Amino acid sequence: MADSVFKQPRFQHRDMSGINITPLVDVLLVLLIIFMMQSIPKSQSLDLDLSRSNRQAIVPAPRTLLSVGMDRLIRMEGASIAPEDLRGELVALKARIPEATLALETNEGADYGSFARVLADARNAGFADVALRP
């Protein structure tokens, strides 16, 4: 008899000589990811002792309102100030009240250049933190 081309060859033991390692690699990769996630340092924590209270009352620093208007007019606590005099006024305020803070406000139609100059003058006068109000 002639052998057919469609005839299945008999199972031979030499065909099954390897081990399927795909599931092993999958499990190892999952374990590797888990160990990598566990080795990431946790966020820094602060040791706080909340049982003791501070008996001193917290006094907020005096806040000075500085506003820039649509007409490029600068006001400090309601009084108009010329742009060229602003830095001197802010330096004098910082010398008089070192813990003073500024609250800088503007409206939608104000010139951005004026606002930026006022903010730069405040930084140059020594005000590190300036609160921005809409």
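Leaving aside its neighbours within four places in sequence, with which residues is Leu86 in contact? I shall answer that after a word on the model.

This is a predicted model, in which local features need pLDDT of at least 70 and side-chain atom pairs count only at pLDDT 80 or more, while totals for chains, interfaces and linings use all residues. Residues are numbered from 1 along each chain as its sequence is written, and side-chain values use heavy atoms, with hydrogens and water left out.

The protein chain has a mean pLDDT of 80 (the predictor's confidence in each residue, from 0 to 100), and 75% of its residues reach 70 or more. Helices and strands here are DSSP runs, numbered from the N terminus: H or I over at least four residues for helices, E over at least two for strands. Confidence is highest in helix α1, residues 22-39, at 92, and lowest in strand β5, residues 130-133, at a mean of 82.

I return to Leu86. Its partners, with contact meaning heavy atoms within 4.5 Å, are Leu66, Ile74, Ile81, Val118 and Asp121. Leu86 also belongs to the largest nonpolar core, which has 18 residues. Such a core is a set of buried Ala, Val, Leu, Ile, Met, Phe, Trp, Tyr and Cys residues joined through side-chain atoms within 4.5 Å. Those touching the most other members are Leu66, Leu86, Leu90, Leu102, Leu104, Val118 and Phe127. At least two residues of this core come from each of β1 (63-68), β2 (74-76), α2 (86-96), β4 (101-106) and α3 (112-124).

Next, the sheet. Five strands form an open sheet in the order β3-β2-β1-β4-β5, with mixed pairing; two strands pair if DSSP finds at least two bridges between them. β3 (79-81) and β5 are the edge strands, each pairing on one side only. From one strand to the next, the twist averages 30°. β4 and β5 run parallel and are joined by four bridges. Across β1, β2, β4 and β5 lies α3, running at about 175° to β4; axes are lines fitted to C-alpha atoms, for helices over the stretch in contact, and angles run from 0 to 180 degrees between N-to-C directions.

Finally, Asp121 and Arg87 form a salt bridge through their side chains, at 3.2 Å from N to O. The criterion is a side-chain nitrogen of Lys or Arg within 4 Å of a carboxyl oxygen of Asp or Glu. Because Asp121 lies in helix α3 and Arg87 in helix α2, the pair ties together parts that are 34 residues apart in sequence. Asp121 is buried, at a relative accessible area of 13%, whereas Arg87 is partly exposed, at 39%. Buried means under 20%, exposed over 50%, and partly exposed in between, with a 1.4 Å probe and protein chains only.
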